[in-house]
Structures are given as structure tokens and as C-alpha cells.
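Please look over the sequence and the 3D structure shown here before reading on. The report that follows is meant to be read beside them.

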Amino acid sequence: MITISETIKRVRPSMTLALNAKAKELNARGEKIISFTVGEPNFNVPAHVEAAAMDAFKKGYTRYTAESGIPELKRAIINRYQSDYQLTFAPEEIIVSCGGKHALYGIMKTLLNPGDEVIIPSPYWLSYPDQVLMNDGVPVFINTTEKNQFKMNALELESKMTAKTKIVILNSPSNPTGEVYADDEVKKIIDVMIMHPDVVLISDEIYDKMVYAGKFKSILQLSDKIRNQTIIVNGVSKSYAMTGLRIGYAIGPKLIISNMSKAQGHATSSPCSISQWAAVAALAGDQSCVETMRIAFKRRRDLMAKLLQSIPKISCRIPDGAFYLFPNVSAYYGKQNIQNSMDMTNYLLDMGKISVVPGKVFGNDDHIRLSYALSDEDIELGIARMKDALVRLVA
Ligand code: PLP
């Protein structure tokens with residue numbers, strides 16, 4: 001009998017992708033579901049990026065590339081971090097991967113030995129713990145609260161550090177909560193990291209361009225004392241609406257990056273050549289598309305938050321980043337067999353014809369996640385449906 005590895009058996013399927021697929025299937029049957037599930041901008045790829053991809057085809061850039069990415073893309077990444085965040089990196093500190101997700105996977109694969117612990121503030125992006133499990137590590141959660149804006153603090157971090165801790169993950173702006181850490185909060189976390197120089201900090205900055213108050217600061221702007229133990233993860237999926245082109249990257253100490261490259265060479269040879277040239281155009285080209293999207297997201301965040309806050313018994317913070325809201329719907333638990341966020345998700349799909357993600361998959365069962373990377377019309381219609389469905393519950 002063919003058996004599946006114990007490692008993979010422990011891994012959960014990606015719920016966001018599954019829910020989005022379900023919404024698409026219902027739509028195909030004519031149900032007209034509005035999907036608030038998947039985290040991708042509903043904008044087109046910027047025209048100059050599309051042109052660069054076409055051009056790459058015409059020029060015959062269709063061969064394997066260097067395993068850690070083409071020099072032109074590494075240069076574009078270096079220049080972006082230099083001009084946006086005044087940070088200077090060398091090409092040997094950069095690896096280009098097939099999406100930020102793949103870069104994160106490469107970090108785990110490269111650093112984790114069986115039993116090594118990875119500290120993850122909860123709620124968390126759902127792939128972190130599963131990537132840890134896929135690499136025989138142990139996820140260790142720090143449960144954060146709505147009252148503390150879903151942020152871990154330095155004391156909580158210190159209390160979870162053990163001799164087995166290998167990695168700490170910081171994701172700001174956060175998926176699923178949208179919260180952004182303040183500089184002084186990050187500085188205190190950095191102080192803890194300085195006390196643990198053998199522990200690697202992953203700063204997942206994938207939503208750096210979606211910040212609606214103040215200016216985003218990259219982790220190493222706040223202190224270069226942790227440079228030897230920090231890996232920044234970013235990519236072009238969110239900032240340039242290029243989710244399907246699958247380009248992300250990691251910036252970190254040469255020793256880690258060279259070993260990630262070695263592993264990546266055997267896993268994928270290289271990221272897609274055409275997509276890498278598209279990413280060069282995105283990162284090196286005109287940045288006004290990024291600002292246009294940011295302004296649209298800010299407007300949609302405010303629209304969705306206002307509409308959600310008009311629904312009785314829902315509490316919803318207005319976070320400063322990413323494109324998600326994470327309302328607390330637990331006041332409805334106990335009504336009509338709705339006991340948890342999965343029941344609520346199913347109820348909203350059946351009765352409201354909207355698709356959301358249950359907070360449980362992000363580690364918090366009182367909430368649901370809604371992406372506002374949708375048109376204004378869909379947001380208005382979808383939240384009106386949600387309101388109707390919830391008001392019916394208590395009527
Ligand atoms: N990190 C976070 C927090 C995310 O939400 C995502 C995507 O949803 C990623 C990383 C990876 O994005 P990609 O693999 O498309 O670059």
C-alpha cells in the first residue's frame with residue numbers, strides 16, 4: 001500500500017485557497033457569491049510590467065536562470081530597499097524565489113532541524129505553522145488579543161524563548177489582522193533578539209506598500225544590531241498585483257542565503273525567467289501604480305469598516321495596513337447552531353452568499369477575515385448581504 005509521509009499528514013490544506021475554489025464553483029453554478037477570501041489585489045498587472053514580460057519572451061529569455069535569480073532583479077531589489085528604506089545590501093544577500101511563500105519555505109528548510117521551535121504571534125498567516133511542520137519544526141504561538149491590537153510584546157516574546165528556539169516571525173503589516181507595529185514596539189522586540197543572537201528573526205514585509213497611516217519602516221532601519229540574524233521577506237505579488245507571476249525574495253546573511261540557493265537549485269532550478277524580468281520592471285519602473293493601489297485600498301478599508309461597524313454586535317478595528325479586516329463575530333455564537341468561526345463562515349456562504357475565512361485557521365476562533373481587495377460595488381453588496389444574514393439570526 002502506498003503511504004503518505006507522517007510530515008505531510010500533519011499539514012492542513014490551505015483553507016483560503018479551498019474557500020475561494022468553493023466560491024468559484026458556486027458562482028459557476030450561477031449562485032453569484034461575493035468572495036472576500038483570497039488575498040490578492042483585483043487590479044491588473046501594470047502595463048509596463050506586462051510589456052516587460054512580453055519583451056522577455058521576444059528576447060528569448062526563456063532558459064533556466066541563475067538559481068538564486070538574475071543579477072538584474074537582484075539589483076532592482078537592492079535599489080528598491082536603498083531608495084525606499086535607505087538600506088544597503090549586496091547581491092550575495094539576496095535570493096529570488098517563486099513567491100514570498102517559497103522564500104519563507106526555503107528559510108525553514110535551510111534553518112530547521114527536527115524539533116526546532118519557531119515562535120509565531122497568533123493570529124498568524126496560515127502558512128507559517130504548516131511550513132514549520134513541513135520542515136519538522138515545532139510552531140510555538142504567542143496568543144495576542146484584540147485589546148493589544150493583536151501585537152506580541154517583548155515580554156511575551158522573551159517568555160517563549162527556549163534553548164530550542166530557532167526562528168521568530170514578525171509580520172507587519174499583518175495578515176490576517178492588518179495591524180502595523182509601531183517603531184517603539186519593534187525596537188523592544190529587537191532588544192529581545194539582541195539577547196538571543198543565535199535566533200533568526202524573519203521580518204515578513206510583503207505588505208510594506210499597503211500602509212495607510214505614517215510611513216512603513218523596514219526592520220533594519222530600526223537597528224542594524226540584528227543584521228546578522230535577520231531575514232527580510234518581500235515580493236511583488238501584493239504591491240504590483242502580480243500574484244500569479246510568483247516572484248518573491250529574501251534578504252539576509254550571506255551564509256543563510258547561499259545555503260537557501262543551494263537547496264532552491266535542487267528544488268526548482270530557478271524562478272520563472274519571464275516573471276523575473278516582469279519583476280525587474282515592477283521594482284525598477286514607475287512606482288505610481290503602487291500609490292494608486294494604496295489609495296484605492298485605503299478608501300475600501302474605510303468603506304468596509306464603516307459598513308461592518310453598522311452591523312449590530314460586531315466589533316471591528318480599523319487597522320493601518322494590508323487589505324484585510326478581522327471583525328469579531330463571536331457575539332453571534334450560540335444562535336442557530338453557530339458555535340464557531342467555521343459555522344459562521346458556512347452560514348454566511350449559505351444565507352448571505354458571501355465567502356469569508358474563519359478566524360480559526362489563523363488561530364483565533366472569535367473572528368472572521370475579509371479581504372477588501374475587491375471593487376467598491378462588491379464590498380457594498382457583500383457587506384449588505386452579511387448584515388441581512390446576521391440580522392436574521394437575531395430577529
Ligand atoms: N506573507 C504573507 C503574510 C502573506 O499574506 C502572503 C500571501 O498571502 C505571503 C507572504 C506570500 O505571498 P506570495 O507567495 O504571493 O509572494
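## About the model

This is a predicted model, in which local features need pLDDT of at least 70 and side-chain atom pairs count only at pLDDT 80 or more, while totals for chains, interfaces and linings use all residues. Residues are numbered from 1 along each chain as its sequence is written, and side-chain values use heavy atoms, with hydrogens and water left out.

Helices (H or I, at least four residues) and strands (E, at least two) are DSSP runs, numbered from the N terminus. Strand S5 covers residues 165-171, and because six of its seven residues are buried, the strand is largely enclosed by the rest of the structure. Here buried means under 20% relative accessible area, exposed means over 50%, and partly exposed lies in between (1.4 Å probe, protein chains only).

Two strands pair if DSSP finds at least two bridges between them. Strand S3 (residues 117-122) pairs with S5 in the parallel sense over three bridges, and Val118 has Ile167 in S5 as its bridge partner. S5 also pairs in the parallel sense with strand S6 (residues 200-204), over five bridges, and here Asn171 has Asp204 in S6 as its bridge partner. Between S5 and S6 the chain passes through helix H8 (residues 183-194), forming a β-α-β crossover that is right-handed; this term applies if, with the strands pointing away from the viewer, the path from the first strand over the helix to the second runs clockwise.

## Salt bridges

A salt bridge is a side-chain nitrogen of Lys or Arg within 4 Å of a carboxyl oxygen of Asp or Glu, and a search of the whole structure finds 19 of them. One of these joins the side chains of Asp84 and Lys209, at 2.8 Å from N to O. Asp84 belongs to helix H4 (residues 71-85) and Lys209 to the loop between S6 and helix H9 (219-222), so that distant parts of the chain, 125 residues apart, are linked.

Another salt bridge is formed by Glu185 and Lys151, at 3.0 Å from N to O. Because Glu185 lies in helix H8 and Lys151 in the loop between strand S4 (138-143) and helix H7 (154-160), the pair ties together parts that are 34 residues apart in sequence. Glu185 is partly exposed, at 28% relative accessible area, whereas Lys151 is buried, at 8%.

Arg317 and Glu179 also form a salt bridge, with their closest N and O atoms 2.6 Å apart. Arg317 counts as partly exposed at 28% relative accessibility, while Glu179 is buried, with a relative accessible area of 4%.

## Aromatic rings

Rings of Phe, Tyr and Trp (its six-membered ring) pair if their centres lie within 6.5 Å, and planes under 30 degrees apart count as stacked, over 60 as edge-to-face and the rest as tilted. The whole structure holds 14 aromatic pairs. Among them is the edge-to-face pair of Tyr85 and Phe216, at 5.7 Å centre to centre with 70 degrees between the planes. Since Tyr85 lies in helix H4 and Phe216 in the loop between S6 and H9, this pair ties together parts that are 131 residues apart in sequence.

Ring pairs also link Phe43, Tyr207, Phe297, Phe323 and Tyr324 into a cluster.
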